[in-house]
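Let's learn to read a protein model together, one feature at a time.

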Amino acid sequence: MHKTVVVLACLLLAAVGIAGCLGPSSVSTTPVSTDEQTQPPGTGGETYVTASMNEALVITSGKDRFEITALDVIRGQQANSLLKSANMFNADPTSGSEYLLVKVRKHFVSGSGSDYASSYDFKAFADGVGYSPSLAVLPKTQPGFSGVTLIPGGKAEGWITFEVPVGAEVDLAYIYLFKPAGFIRISGSTQGTTSATTAKP
């Protein structure tokens, strides 16, 4: 029994190690954008593909192609008021923080099989820190990004709540295999398509 547990633990660690090596192998933008290679705030100088609002971040993994888009943003006092009006038990943001609501869409453009999409595919990065989605009841006018399974052609769309430092510049990261695959800059807006290619063995 003990040997079986050890073997299973070793296999799990090996799988995680292999997964960690399969992050994006190349990045590009189509058409070429001035945001093609940027350094989101506090990412230690690493370069990532960074899209703008309403600009598709394209993730390609083998034959699978996904488009991630940030469609709308509400933050600060307006976001705080919306959450409080939605449910009186929604907590106030901590001192020095504010709520950020981002409407996102994930589109399984082409490929095979299925893909599970949820709000935990995303993190909001500010000042070098990645913030996971906050638990909050959203108003009916801003339906949440629910966990769903997509097949090619399927789309998931909804709002995600984050708590971030007041007034901080924020980049929304799409998380692929436990790491950011690319970012969407929350401030500003341009049109186009930004691509990130992820290799499969």
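This is a predicted model: local features need pLDDT of at least 70, side-chain atom pairs count only at pLDDT 80 or more; totals for chains, interfaces and linings use all residues.

Q: Which residue forms a salt bridge with D92?
A: For a salt bridge, look for a side-chain nitrogen of Lys or Arg within 4 Å of a carboxyl oxygen of Asp or Glu. D92 pairs in this way with K84, and their closest N and O atoms are 3.3 Å apart. K84 is partly exposed, at 34% relative accessibility.

Q: How many salt bridges does the count come to?
A: The count comes to nine salt bridges. One of them joins the side chains of E98 and R75, with 2.7 Å from N to O. Because E98 sits in strand 5 and R75 in strand 4, this pair ties together parts that are 23 residues apart in sequence.

Q: Which parts of the chain does the pair of E157 and K103 link?
A: The side chains of E157 and K103 meet in a salt bridge of 3.5 Å, N to O. The pair links distant parts of the chain, with E157 in strand 10 and K103 in strand 5, 54 residues apart. Both ends are partly exposed: E157 at 42% relative accessibility and K103 at 26%. Salt bridges that share partners join K103, R105 and E157 into one network.

Q: What does the secondary structure of the protein chain come to?
A: Here you count the helices and strands. The protein chain has two helices and 13 strands. Among contacts between residues at least 6 apart in sequence, 71% join residues at least 24 apart.

Q: Which residues touch the most other members of the largest nonpolar core?
A: To find a core, look for buried nonpolar residues joined through their side chains. The largest one here has 30 residues, and F122, F162 and L172 touch the most other members. Several strands each supply at least two residues of this core, including strand 4 (64–75), strand 5 (97–110) and strand 12 (179–189). Another core, of eight residues, lies apart from it, with L82, L83, Y99 and L138 among them. In the whole protein chain, buried residues make up 43% of the 201 residues.

Q: What does L172 touch, beyond residues up to four places away in sequence?
A: Contact is about heavy atoms within 4.5 Å. Leaving out those sequence neighbors, L172 touches residues including A70, V102, F122, F162 and I186.

Q: Where is N54 found, and what is its phi?
A: N54 has a positive phi of about 60° although it is not a glycine. N54 is found in the loop between strand 2 and strand 3, and is partly exposed at 33% relative accessibility. D127 also has a positive phi, of about 55°, and is not a glycine. D127 belongs to the loop between strand 7 and strand 8, and is exposed, with a relative accessible area of 57%.

Note on methods: Residues are numbered from 1 along each chain as its sequence is written. Side-chain values use heavy atoms; hydrogens and water are left out. Helices (H or I, at least four residues) and strands (E, at least two) are DSSP runs, numbered from the N terminus. Buried means under 20% relative accessible area, exposed over 50%, partly exposed in between (1.4 Å probe, protein chains only). A nonpolar core is a set of buried Ala, Val, Leu, Ile, Met, Phe, Trp, Tyr and Cys residues joined through side-chain atoms within 4.5 Å.
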